[in-house]
Amino acid sequence: NLPALINVWVTVEALCEDLCVAIISNDASALINLKQINTKIDEGMSITDESARSVYEQSLLKIKKHGLVHGYLTIFTALGFSPTLSDACVDRLNELNYLRNCSLHRAGIVEPRKDKEAPSFPVAVGERILVTDELFTRLYDSVSEFLQALIPSLTKSGHLK
């Protein structure tokens, strides 16, 4: 279950990044809107795929300290679309992000920062994460909820042509 779940999450991460980079690259108002969330923008910067990706990464880095999903939602709102997620879904997506990071960087052993990054994650500090069928389904369903909220908000935004 773990490799499948990690693959699902990294696909979502890539989707969020590529989507934002495409909007930044193609919408002149995107940079102005990102300045409103305290992203430093070089006034003379030409927008290339590389510079758009750099702006996205800089924006996310500044605001993800409140949680990666909060960072995504803040950037999405600045770019003109706002998927509505339940607090429970946001919590589960943060759990999924924590699970990914912990599994890849800590061999699945839960560390104290879990209490800050994913306080509702059902594994105690010091224990190894085991992705049961129930945990897999719960986290997978949160990704589904996220995508089902993302698509209509994008459609309403006018970014999809």
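The model is predicted, so local features need pLDDT of at least 70 and side-chain atom pairs count only at pLDDT 80 or more, while totals for chains, interfaces and linings use all residues. Residues are numbered from 1 along each chain as its sequence is written, and side-chain values use heavy atoms, with hydrogens and water left out.

**Exercise 1. Helix α1**

Solution: 
- Helices are DSSP runs of H or I with at least four residues, strands are runs of E with at least two, and both are numbered from the N terminus.
- The expected span of a helix is 1.5 Å times one less than its number of residues.
- Buried means under 20% relative accessible area, exposed means over 50%, and partly exposed lies in between (1.4 Å probe, protein chains only).
- Contact means heavy atoms within 4.5 Å.

**Exercise 2. Helix α7**

Task: Repeat the span check for α7, find the packing partners of its buried residues, and describe the residue just after the helix.

Solution: 
- Helix α7 covers residues 133-157, and its 25 residues should span 36 Å; the end C-alpha atoms are 36 Å apart, which agrees.
- Buried in α7 are L135, L139, S142, V143, F146, A149, L150, S153 and L154.
- An α-helix has 3.6 residues a turn, so residues three or four places apart point the same way.
- The buried residues of α7 pack against α1 (2-26), α4 (68-78) and α5.
- Just after α7 comes G158, with a positive phi of about 90°.

**Exercise 3. The contact of α4 with α5**

Task: Describe how α4 and α5 pack, and which residues meet.

Solution: 
- Two packed helices are described by the angle between their axes and the distance between the axes.
- Axes are lines fitted to C-alpha atoms, for helices over the stretch in contact, and angles run from 0 to 180 degrees between N-to-C directions.
- The angle between α4 and α5 is about 120°, and their axes are 8 Å apart. This makes α4 oblique to α5.
- Angles under 35 degrees count as roughly parallel, over 145 as roughly antiparallel, 65 to 115 as roughly perpendicular and the rest as oblique.
- From α4, L68, V69 and L73 meet V90, L93, N94 and N97 of α5. Five of the contact residues are nonpolar, two are polar and none is charged.
- Here Ala, Val, Leu, Ile, Met, Phe, Trp, Tyr, Cys and Pro count as nonpolar, Asp, Glu, Lys and Arg as charged, and the others, Gly among them, as polar.
- N97, in helix α5, counts as buried at 11% relative accessibility.
- Leaving aside neighbours within four places in sequence, N97 is in contact with W9, E13 and L68.

**Exercise 4. Cysteines**

Task: How many disulfides does the structure hold?

Solution: 
- A disulfide is a pair of cysteine sulfur atoms within 2.5 Å.
- The structure holds zero disulfides. For C16, the nearest cysteine sulfur is that of C20, 6.6 Å away.
- C89 is in no disulfide either; the nearest cysteine sulfur, that of C16, is 12 Å away.
- C16 is buried, with a relative accessible area of 1%, and C89 is buried at 0%.

**Exercise 5. E117**

Task: Which residues does E117 touch, not counting those up to four places away in sequence?

Solution: 
- E117 is in helix α6 and is partly exposed, with a relative accessible area of 29%.
- With that exclusion, E117 touches N94 and Y98.
- E117 and S82 are 35 residues apart in sequence and 22 Å apart in space, C-alpha to C-alpha.
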